[in-house]
Amino acid sequence: MKFVILDVYPDKKHRLVKDTAGGYGTGNDFGNSFFSKILNKYVDQSIGMPAIEVMIISSILKKDNEVHYTRDLHDKKILDCDYIIFPSSIIAHETELNTLSKFENKKIFVTGIFANTMKEKYLKKNTVVVKNESDIFFYNLNKEGKLNVKFLDNLFLNKDLIDNFYSPVNLDDLPYPDWLSYSKKYRLRNDFFSLKEKVAIPILATRGCPYSCFFYCTYPLQQGRKVRARSVKNIIEEIKYWKKALGANKFVFRDPVFSINRKHTIEFCNEVISQKLNITFMVETHLNNLDDEMIPLLKKAGLKLAYVGVESSSHFVLKDMKRFTVEHDKQFQVIKKCEDSGIKVKTMFIIGNPEDTKDTIIASIEYAKYLPSLYSQFSVFTPYPGTPAYNEFKDIITETKLENFNQYNLTFNHKNLSKEDVSNLKSLAYYKYYFNLKKILQILKYSLKSKLYNI
Ligand code: SF4
């Protein structure tokens with residue numbers, strides 16, 4: 001059988017990635033000021049990757065079939081294939097629907113959690129909407145010997161049959177994502193934590209997140225609230241594989257919260273160190289999971305950059321959005337310890353939260369500058385369809401185009417702020433955080449060091 005993975009994106013002047021925001025994707029639109037436009041271009045050129053689950057599906061299918069990944073609607077292989085695998089996301093929603101209408105004579109498997117949330121939009125006569133973690137669906141299908149034309153064609157007639165292929169899978173049994181083919185045509189980029197790398201491999205060690213911020217976060221929609229981990233042995237084997245196959249020594253962990261399982265993380269770090277893997281990696285984690293024991297160990301294992309959620313400096317704003325984090329003093333200390341030890345930190349703030357005012361946002365910007373992190377990110381509170389927050393906000397949502405739910409636009413009628421206020425405050429946040437001599441020198445110093453020593 002011939003499969004084409006057709007991964008479509010709208011034509012934008014900022015970065016679009018479908019793997020982030022729990023598979024809903026994000027689009028880093030920093031705003032319209034001159035400075036924001038430069039940032040948009042830089043980030044667009046620095047970070048790029050498809051959804052990991054889609055590349056795992058590619059590896060599953062490839063065992064006995066032909067698989068071709070493309071972002072080009074005019075790719076000739078589309079017309080020639082038996083089935084299309086079609087990754088969905090909110091940030092490309094309208095473009096995806098438009099594309100689906102162009103291929104009504106093709107049988108299409110729509111993957112990604114967003115298509116489940118908006119099933120009525122994606123489910124058509126010629127489509128099957130695969131649920132939740134779609135790599136698990138294809139893994140089970142293959143395991144049960146159902147990956148054949150007869151069975152797949154029947155799925156398009158009896159769509160309820162898909163429910164039979166979601167039994168839990170040992171994550172160690174899934175194949176590695178098909179980065180080998182992908183990287184021949186597209187660059188796996190993440191230039192933020194080193195300027196010298198040729199490839200940065202996205203890797204998934206754990207799935208699921210139990211934290212309370214599922215109120216607005218989409219990760220638990222796709223992966224659930226129970227943490228499931230691959231064995232350390234399996235993760236190490238994958239790292240060794242990419243070192244050999246692609247000469248990679250930089251890895252981007254895409255776990256919702258890396259180091260959520262302390263014992264597992266310690267075991268992982270000790271293996272990386274004892275086997276002298278000589279890698280560098282970046283993670284997204286919770287400040288609660290970084291302490292005096294973990295920071296030096298993670299540093300020794302090769303951690304270069306940690307994304308940590310701070311969201312807001314206001315306790316009132318945080319409480320309202322059901323986000324629980326460590327106290328300000330501790331935030332400062334943990335970030336300082338990381339930075340002093342050589343682990344760069346990117347703090348993540350959200351503006352336009354339901355209880356935000358101009359003053360609370362200005363206070364968050366000042367707090368971001370006060371914290372000793374190298375980088376910071378300011379996104380916009382988004383009541384995503386499918387989350388509890390959406391149910392609360394659905395009657396005051398003003399944005400009609402779902403592609404604009406990219407985490408960088410105000411999408412609802414905020415009681416204290418207009419869309420323009422939020423856009424201006426977002427531009428101001430980036431300008432104030434990055435456009436000052438201290439920060440420019442700090443970043444230049446780090447970039448030069450990375451370049452000289454390839455760290
Ligand atoms: S910690 Fe909160 S924001 Fe982060 S993945 Fe978990 S639920 Fe989402």
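Which side chains meet in a salt bridge at 2.9 Å, N to O? In this predicted model, in which local features need pLDDT of at least 70, side-chain atom pairs count only at pLDDT 80 or more, and totals for chains, interfaces and linings use all residues, the answer is the pair Glu355 and Lys415. Residues are numbered from 1 along each chain as its sequence is written, and side-chain values use heavy atoms, with hydrogens and water left out. The pair links distant parts of the chain, since Glu355 lies in the loop between β16 (344–351) and α16 (358–370) and Lys415 in the loop between α17 (388–393) and α18, 60 residues apart. With a relative accessibility of 57%, Lys415 counts as exposed, where buried means under 20% relative accessible area, exposed over 50% and partly exposed in between, for a 1.4 Å probe and protein chains only.

The protein chain as a whole contains 19 helices and 17 strands, these elements being DSSP runs numbered from the N terminus (H or I and at least four residues for helices, E and at least two for strands). Its radius of gyration is 22 Å, close to the 23 Å that the globule rule gives for 455 residues, so the chain is as compact as a globular protein of that length; the radius is taken over C-alpha atoms, and the rule is 2.2 Å times the number of residues to the power 0.38. Along the principal axes, the C-alpha atoms fill a box of roughly 65 × 55 × 35 Å. Buried residues make up 58% of the 455 residues. Of the contacts with a separation of 6 or more, 75% are accounted for by residues 24 or more positions apart, a contact being heavy atoms within 4.5 Å. The chain exposes about 19,300 Å², of which carbon and sulfur atoms supply 53%, as computed by the Shrake-Rupley method with a 1.4 Å probe.

Salt bridges, defined by a side-chain nitrogen of Lys or Arg within 4 Å of a carboxyl oxygen of Asp or Glu, come to a count of 23. In one of them, the side chains of Lys62 and Asp178 meet at 2.8 Å, N to O. Lys62 belongs to helix α2 (residues 52–62) and Asp178 to the loop between α8 (149–157) and α9 (179–185), so the pair ties together parts that are 116 residues apart in sequence. Lys62 is partly exposed at 31% relative accessibility, whereas Asp178 is buried, with a relative accessible area of 8%.

Another salt bridge joins Arg207 to Asp135, with the closest N and O atoms 2.7 Å apart. Because Arg207 lies in strand β11 (residues 206–207) and Asp135 in helix α7 (residues 134–143), this pair ties together parts that are 72 residues apart in sequence. Arg207 is buried, with a relative accessible area of 6%, and Asp135 is buried as well, with a value of 0%. Both residues take part in a network of salt bridges that also links Glu133 and Arg228.

Helix α1 (residues 34–46) comprises 13 residues and reaches 19 Å from its first C-alpha to its last, close to the 18 Å expected at 1.5 Å a residue, the expected span being 1.5 Å times one less than the number of residues. Its buried residues are Phe35, Ser36, Leu39, Asn40, Val43 and Ser46. Seen down the helix axis, these residues fall within an arc of 140°, so they line one face of α1; the arc is that of the directions from the helix axis to the C-beta atoms. The face turned away from the buried side carries the exposed residues Phe34 and Lys41. Cover for the buried residues includes β2 (15–17), β3 (26–28), β4 (47–48), β9 (189–190) and α18 (419–434).

In helix α13 (residues 294–301), the residues Met294, Ile295, Leu297, Leu298 and Ala301 are buried. They cover an arc of only 165° around the axis, which puts them on the same side of α13. These buried residues pack against α12 (262–274), β14 (280–285), β15 (303–311) and α15 (328–341). The helix is followed by Gly302, whose phi is positive, near 120°.
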